[in-house]
Amino acid sequence: MGRVRYGAIRCVPQRPDCFGRAVPVAKAGIGQQTPVNRAQGEGGRGLAFTIEGENRKGRWLVTCDHASNHVPDWVGGGSLGIPAEDMARHIAWDVGAAGVARELGRLLASPVILSEFSRLVIDPNRGEDDP
């Protein structure tokens with residue numbers, strides 16, 4: 001299926017009526033704008049992503065690559081040495097994007113995958129060979 005740019009909803013390819021198309025989504029401040037959502041895995045270790053509405057039957061998979069500004073404890077003790085006011089800005093995450101993704105998932109009756117770390121830790125929509 002290949003990579004789909006940020007701000008797109010992906011059609012789940014195993015559906016017979018879906019051919020891996022991506023539909024661009026306008027960025028808007030829909031829903032809550034909570035900057036940090038620290039999902040916990042086994043042993044309290046934070047997860048890299050959260051899936052919401054995994055049992056929804058819609059044909060779309062909504063992804064949000066820059067949903068959080070969280071820096072995991074195992075990266076620099078949870079700090080990149082950047083002031084909190086800068087970590088709350090667009091440089092660390094896409095403010096409001098998680099709310100947009102959640103609302104799209106709800107409206108489309110489809111699952112949503114949200115990243116749980118700042119793009120300053122690693123940018124999930126970049127390949128290993130991207131500069």
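L80 counts as partly exposed because its relative accessibility is 34%; the classes are buried under 20% relative accessible area, exposed over 50% and partly exposed in between, with a 1.4 Å probe and protein chains only. The model is predicted, with local features needing pLDDT of at least 70 and side-chain atom pairs counting only at pLDDT 80 or more, while totals for chains, interfaces and linings use all residues. Residues are numbered from 1 along each chain as its sequence is written, and side-chain values use heavy atoms, with hydrogens and water left out.

L80 is found in the loop between β4 and α1 (84–87). Together, L80, I91 and L120 make a nonpolar surface patch of about 200 Å². Patch members have over 30% relative accessible area and no salt bridge, and nonpolar side chains (Val, Leu, Ile, Met, Phe, Trp, Tyr) are joined within 5 Å, like charges within 9 Å. Areas come from the Shrake-Rupley method with a 1.4 Å probe; for residues, only the protein chains shown count as cover.

## Nonpolar cores

The largest nonpolar core has eight residues: V62, C64, A67, A97, A98, A101, V112 and L114. A core here is a set of buried Ala, Val, Leu, Ile, Met, Phe, Trp, Tyr and Cys residues joined through side-chain atoms within 4.5 Å. At least two of its residues come from each of β4 (60–64), α2 (97–108) and β5 (112–115). Helices (H or I, at least four residues) and strands (E, at least two) are DSSP runs, numbered from the N terminus. The largest share, three residues, belongs to α2.

Another core, of five residues, lies apart from this one; V75, M87, A92 and W93 are among its members.

## Salt bridges

Side chains of opposite charge can pair when their charged atoms come close. With a salt bridge taken as a side-chain nitrogen of Lys or Arg within 4 Å of a carboxyl oxygen of Asp or Glu, the count is five. One of them joins E52 and R102, with the closest N and O atoms 3.0 Å apart. E52 lies in strand β3 (residues 49–52) and R102 in helix α2, so the pair ties together parts that are 50 residues apart in sequence. E52 is partly exposed at 22% relative accessibility, whereas R102 is buried, with a relative accessible area of 18%.

Helix α2 also holds both E103 and R106, three residues apart, about one turn of the helix. Their closest N and O atoms are 2.6 Å apart in a salt bridge, and E103 is partly exposed at 22% relative accessibility. A further salt bridge links R126 and D123 (3.6 Å, N to O); D123 is buried, its relative accessible area being 18%.
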